Structure formats: structure tokens, C-alpha cells
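Colleague: Could you walk me through this model, one question at a time?
Modeller: Gladly, let's look at it together.

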Amino acid sequence: MARPAKLTEAQIQQALAELPEWRYQDDKLQRTFKFTDFSQAWGFMSRVALMAEKMDHHPDWSNVYNTVNVALSTHDAGGVTELDLQLARHMNRFYAERG
Ligand code: H2B
């Protein structure tokens, strides 16, 4: 499957207008998600993991108790691509749907 190309800074900033919780830093899209507890954080990560497998596109992330730090980039492209924007939108949706 053809992998998408690295986006320009202008394209990324334009996309971020609709992803206000995300910031573009160190060539990655970054966001911190806060949950009520570990169980809720893990539920979110499980949904994201299944989506990441489906997309064959995986987040760099870390979890400490109720906090999940995410940094999205496309390693093959050396920066942010449309795949990262798609995964960020899925993450926002899963976060909005957290139980
Ligand atoms: N995830 C991310 N974030 N970037 C990649 O370049 C990437 C990936 N490449 N998941 C995929 C897997 C690649 O290694 C496989 C072979 O398609």
C-alpha cells in the first residue's frame, strides 16, 4: 500500500484548526489525555490499539495511571502525514466516547 507523504508545516497548522487540543512539536502531533482512573485510560488505549492495528499505523505513547501522553508521526515518512491526522481524529472520538 502506498504510504502518504510528509505534510508541510502549513498543511499541519491548517489541520490543527480542527484539532485544537493537539500541538505540533518536534515534528510530531502531541496531546495529553486525562482520565478518571487507570481503568478508563486503559479502555481508551485498547480501542486505540485495535484501530492502530487496523490502520497499520501506531502511536508513540506512554501511560501513567490516569494519563496518556501521545506523539503521532509517520516514521517511514519522517514527519506528520495524513495517517497521523486520521489517528488523532479517531483518538478524539474515542476520548469523547469514554465511559
Ligand atoms: N506506525 C507509525 N506511526 N509510523 C510508521 O511509519 C509505521 C507505523 N509503519 N506502523 C508501519 C507500522 C510499518 O512498519 C509496517 C511495515 O507497515
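**A walk through the predicted model**

Modeller: Let me start with a contact in this predicted model: the side chain of glutamine 30 comes to 3.0 Å from the backbone oxygen of glutamine 25.

Colleague: Thanks! Is glutamine 30 buried or exposed?
Modeller: Glutamine 30 belongs to strand β2. Leaving aside residues up to four places away in sequence, it touches Glu21, Trp22, Arg23, Gln25, Val70 and Ala71. The cut-off for buried is under 20% relative accessible area. Glutamine 30 has 14% relative accessibility, so it counts as buried.

Colleague: Let's turn to the helix. How far apart are the end C-alpha atoms of α2, and what span should its residues give?
Modeller: Helix α2 runs over residues 38–55, which makes 18 residues. At 1.5 Å a residue they should span 26 Å, and this agrees with the end C-alpha atoms being 25 Å apart.

Colleague: Where around α2 do the buried residues sit?
Modeller: The buried residues of α2 are Gln40, Ala41, Phe44, Met45, Val48, Met51, Ala52 and Met55. Around the axis they cover an arc of only 130°, so they sit on the same side of α2.

Colleague: And which residues are exposed on the other side of α2?
Modeller: For contrast, the cover over the buried residues of α2 includes β2 (28–34), β3 (60–64), β4 (67–72) and α3 (82–96). On the other side of α2, the exposed residues are Ser39, Leu50, Glu53 and Lys54.

Colleague: Which residue caps the N-terminal end of α2?
Modeller: Look for a side-chain oxygen that lies 3.4 Å from the backbone nitrogen of serine 39. That oxygen, capping the N-terminal end of α2, belongs to aspartate 37.

Colleague: What is the phi of the residue that follows α2?
Modeller: The residue that follows α2 is aspartate 56. Its phi is positive, near 50°.

Colleague: Which side chains make polar contacts with the side chain of threonine 74?
Modeller: A polar contact of 2.7 Å links the side chain of threonine 74 to that of threonine 81. Another polar contact, of 2.6 Å, joins threonine 74 to the side chain of aspartate 84.

Colleague: One last stop: how far apart in space are glycine 99 and threonine 36?
Modeller: Glycine 99 lies in the segment after α3 and is exposed, with a relative accessible area of 89%. In sequence, glycine 99 and threonine 36 are 63 residues apart. In space, C-alpha to C-alpha, their separation is 9.9 Å.

Note on methods: Residues numbered from 1 in each chain as written. Predicted model: local features only at pLDDT ≥ 70, side-chain atom pairs only at ≥ 80, totals over all residues. Heavy atoms only, no water. Helix = DSSP H or I, 4+ residues; strand = E, 2+ residues; numbered from the N terminus. Expected span 1.5 Å × (residues − 1). Buried < 20%, exposed > 50% of the residue type's maximum accessible area, 1.4 Å probe, protein only. Arc of directions from axis to C-beta. Contact = heavy atoms within 4.5 Å. Polar contact = N/O pair within 3.5 Å; in protein donor to acceptor, adjacent residues only side chain to side chain.
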